[in-house]
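Here is a short briefing to read with the model open beside you. Take it topic by topic, and turn the view as you go.

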Amino acid sequence: MIHTPMDKIAEATPEPMARKVRGLSDRAIAWIFVAPSIFLLLAVNIFPLIWTIRLSFTNYRVNRPNRDIDFVGLRNYERILTDSDTWMTMQATAHFLIWTIVLQVLIGFALAYLLNMKFKGNDMWTTIIVFPMMLSPAVVGNFWTFLYQPQIGLFNYVVTFFTGGDPSSFSMIGDVQLAPWAIVIVDTWMWTPFVMLICLAGLRSIPDSIYEAAECDRASKWRQFWTITIPMALPFLMLAVLFRGIENFKMFDLVVQLTGGGPGNTTTLTSIDLKREAFEKWRTGYSSAYAVILFVTVFGLASIYVKALNKVKER
Amino acid sequence: MNAKLKFTVATAALIGATGAAKAEDLTLCWASWDPANALIELSKDFEEKSGHTMNFEFVPWPNFADRMLNELNSGGKLCDLMIGDSQWIGGGAENGHYVKLNDFFEAEGITMDDFIPATVTGYAEWPKNTPNYWALPAFGDVVGWTYRKDWFERPELQAEFKEKYGRDLDVPNSLGELKDVAQFFQGRDIDGTTVYGAAIYTERGSEGITMGVTNALYNYGFEYGNPDSPYELDGFVNSEDAVAGLEFYKDLYDTATPPGSSNWYMGENIDAYKSGQVALQMNFAFIWPGVEADPNVGGGKSGYFPNPAGPNGQFAQLGGQGISVVSYSDKQDAALEYIKWFAQPEIQARWWELGGYSALKAVVEDPGFATSQPYAQTFLDSMAIVKDFWAEPAYAELLLAMQQRVHDYVIAGNGTAQEALDGLVGDWTETFEDEGKI
């Protein structure tokens with residue numbers, strides 16, 4: 001008879017305890033195993049969420065422990081949703097979100113497609129390309145502020161090298177028209193490699209036999225791209241969009257370093273606005289309502305998106 | 001009695017004489033800047049004399065308020081002593097973060113009459129203008145101007161300026177003259193380098209543009225409210241004079257500042273000035289010792305002047321801080337010992353020598369003070385004309401609203417100055433309504 005480690009543990013278990021364990025159903029044992037995780041989930045995720053929802057109906061301020069907490073009903077929600085500044089930050093967030101995703105997917109997929117072709121130095125280029133995403137967002141934000149400096153920044157020199165004119169004639173982070181694009185450019189520079197890696201994984205998962213079969217059927221490269229590559233890489237692309245969408249909805253550090261949300265409110269994204277309300281103005285009740293609105297928005301959009309993703313996967 | 005026994009008896013006597021005070025590890029929290037390094041040096045004397053050990057928690061200015069107010073609001077015990085910004089005094093007092101120091105001052109013979117009145121009102125009192133003290137004035141500071149004296153003295157520039165403006169190129173006597181000087185240098189070639197007029201505060205994220213624009217607003221006639229009816233804002237915050245002040249600041253930004261200076265505060269202004277990019281810089285007085293010591297712009301190349309007068313007076317934005325004992329500290333006795341030590345005239349004199357701006361009258365009214373440093377007289381003149389931002393418990397809300405409204409107009413160029421200040425009245429009114437003050 002072979003004695004496994006489990007057999008040895010069973011033999012070593014004192015008889016009264018063993019009797020108790022033997023009396024438990026499989027379901028009870030399963031609950032014992034998952035209980036710590038459930039407890040942690042409730043304590044760390046669910047309880048704060050419920051507490052936040054509760055606070056969102058009050059005028060509570062965490063920096064005023066001595067002040068009475070009043071129930072204000074839907075007043076916080078009403079103020080947020082009727083505040084034009086909130087809608088401006090939503091607009092800024094939407095601009096940032098849409099353009100970063102579009103650019104990162106297009107460039108990331110193109111890079112992945114190129115790197116998927118076998119050529120000399122392929123690995124070296126992959127390493128070089130992923131370098132930006134290894135940096136801290138605070139560092140990236142900081143050095144891009146120098147790159148964007150009109151007098152000494154490399155960016156303005158490069159642009160005017162091609163377009164002509166004076167490098168100090170425009171300011172990427174000080175101009176209302178350009179600042180939203182300044183943050184899009186930096187985020188795209190930093191996170192395109194992430195999208196590229198996901199796309200590369202998708203492209204490498206397509207079996208060569210499918211392309212060989214298509215070639216036997218005399219399908220052109222163009223047709224192979226649209227009927228094999230894109231459909232089979234689509235779930236990966238959609239996953240990349242989901243990750244980047246969620247991440248960029250929460251974008252904070254990079255933009256704070258670059259523009260501080262300015263000029264004016266031009267690049268104040270919702271996360272920056274929320275942080276100011278919660279931890280600078282200390283309007284805890286108001287910011288809780290704001291957080292709930294954002295949570296519902298992200299959760300709703302993500303749910304719809306995940307359903308679509310699952311449908312694509314099933315095809 | 002042998003030597004060992006003598007030593008033991010002497011040690012016991014010393015401990016007895018000091019009341020067997022326990023040596024504590026004290027932590028002092030402040031911003032990370034030059035004066036903080038001077039304070040470390042100064043505090044060595046306290047460590048020697050008291051037996052306590054001093055630790056320091058310094059946070060860079062842009063994150064200072066966030067980090068430290070979080071600490072206070074969460075009842076944290078990190079800081080035993082806090083050199084908090086002047087605007088925190090209301091919240092520090094009303095929210096129970098600071099220990100009230102009246103009884104301590106009385107017991108130790110420390111009187112606020114010994115300090116510059118503006119610093120007592122600005123850093124120590126809450127409510128303002130009442131004898132309720134929550135801090136000891138620790139570091140006097142005020143916004144002033146630094147200029148390139150060596151450039152101003154160049155004959156060819158003097159001649160050109162005189163021809164253009166009909167007066168000498170000299171320290172400006174009014175904000176209008178300041179703008180002329182800044183515009184004169186804007187885009188000028190000096191020694192083969194393009195230089196610009198003035199580095200002014202434009203920072204969006206924390207308090208920068210507010211600390212800058214108020215130097216124009218005050219002098220044009222902006223008031224925080226009706227002097228006879230607190231919290232009555234309309235017609236004072238957004239008066240015609242205030243609008244003119246805001247327009248002046250925007251014009252200065254548009255016509256006389258370096259390109260790309262849309263998010264500049266203390267550090268950026270220092271860098272621009274020291275690297276020879278600008279002829280003038282607006283900055284708090286704390287930078288002046290560093291300017292004097294700088295190999296590029298120090299040693300007589302720079303001059304200093306108070307914020308020039310506007311059409312309705314001459315004022316300057318107050319900076320600086322008081323030192324408070326944090327109510328959540330378990331080492332309050334040792335922290336109070338530090339304040340007692342710090343308040344001594346000889347320590348304050350040493351503080352000034354090391355680069356700290358003492359607020360003690362005995363130091364600043366000393367006959368040799370005005371000539372002790374090239375910027376000392378400017379510091380005195382500036383401290384005589386200070387005004388401060390709100391120090392209400394809700395100061396952060398008031399500040400952020402102003403940051404947004406002013407930045408949106410001055411830097412982003414959205415709307416008019418009147419609209420910006422009208423919007424500010426709306427924001428501030430809403431805050432005071434929430435606070436139950438209106």
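The notes below cover the interface, the sheet and a few backbone details.

Please keep in mind that this is a predicted model. Chain A and chain B meet in an interface that buries about 2600 Å², and nine salt bridges cross it. Chain B also holds an open sheet of five strands.

**Where the two chains meet**

- On the chain B side, 30 residues are in contact with 33 residues of chain A.
- Of the area buried between chain B and chain A, 38% is on carbon and sulfur atoms.
- Which residues of chain B lose the most area to chain A? They are Arg204(B), Glu397(B) and Leu400(B), which together make up 19% of what that side buries.
- Between chain B and chain A, 13 residue pairs are in polar contact, with both residues at pLDDT 80 or more.
- Three helices of chain B, α3 (61-73), α18 (395-410) and α19 (417-434), each supply at least two residues to the side that touches chain A.
- Among the elements on that side, α18(B) gives the most, with seven residues.
- By residue type, the side of chain B that touches chain A divides into eleven nonpolar, ten polar and nine charged residues.

**Salt bridges to look up**

- Over all chains, the count comes to 33 salt bridges.
- Glu397(B), already named for the area it loses to chain A, forms a salt bridge with Arg283(A), and the closest N and O atoms of this pair are 3.8 Å apart.
- Arg67(A) forms a salt bridge with Glu435(B), where the closest N and O atoms are 3.8 Å apart.
- This second pair crosses between chains: Arg67(A) sits in the loop between α3 (26-55) and α4 (75-81) of chain A, while Glu435(B) belongs to the segment after α19 of chain B.

**The sheet of chain B and its helices**

- The five strands of the open sheet run in the order β2-β1-β3-β11-β4 (chain B), and their pairing is mixed.
- From one strand to the next, the twist averages 30°.
- Strands β3 (residues 81-85) and β11 (residues 321-325) of chain B pair in the antiparallel sense over five bridges.
- Within this pairing, Met82(B) stands opposite Ser324(B) in β11(B).
- Helix α2 (residues 34-50) of chain B packs on the sheet and touches β1 (25-31), β2, β3 and β4 of chain B; the direction of this helix makes about 170° with that of β2(B).
- Helix α14 (residues 332-342) of chain B also packs on the sheet, touching β1, β2, β3, β4 and β11 of chain B, and its direction makes about 145° with that of β11(B).

**Backbone details worth a look**

- In chain A, the peptide bond from Gly262(A) to Pro263(A) is cis, with omega near -5°; Pro263(A) lies in the loop between α12 (253-258) and α13 (270-279) of chain A.
- In chain B, the peptide bond from Trp126(B) to Pro127(B) is cis, with omega near -10°; Pro127(B) is in the loop between α6 (117-124) and β4 of chain B.
- Trp282(A) is a residue other than glycine with a positive phi, near 60°, and is found in the loop between α13 and α14 (284-314) of chain A.

Definitions and conventions: Residues numbered from 1 in each chain as written. Chains lettered and ligands numbered in written order. Predicted model: local features only at pLDDT ≥ 70, side-chain atom pairs only at ≥ 80, totals over all residues. Heavy atoms only, no water. Contact = heavy atoms within 4.5 Å. Buried area = accessible area lost by both parts, 1.4 Å probe. Salt bridge = Lys/Arg side-chain N within 4 Å of Asp/Glu carboxyl O. Polar contact = N/O pair within 3.5 Å; in protein donor to acceptor, adjacent residues only side chain to side chain. Helix = DSSP H or I, 4+ residues; strand = E, 2+ residues; numbered from the N terminus. Nonpolar A, V, L, I, M, F, W, Y, C, P; charged D, E, K, R; others polar. Pairing = 2+ DSSP bridges. Axes fitted to C-alpha atoms, helices over the stretch in contact; angles between N-to-C directions.
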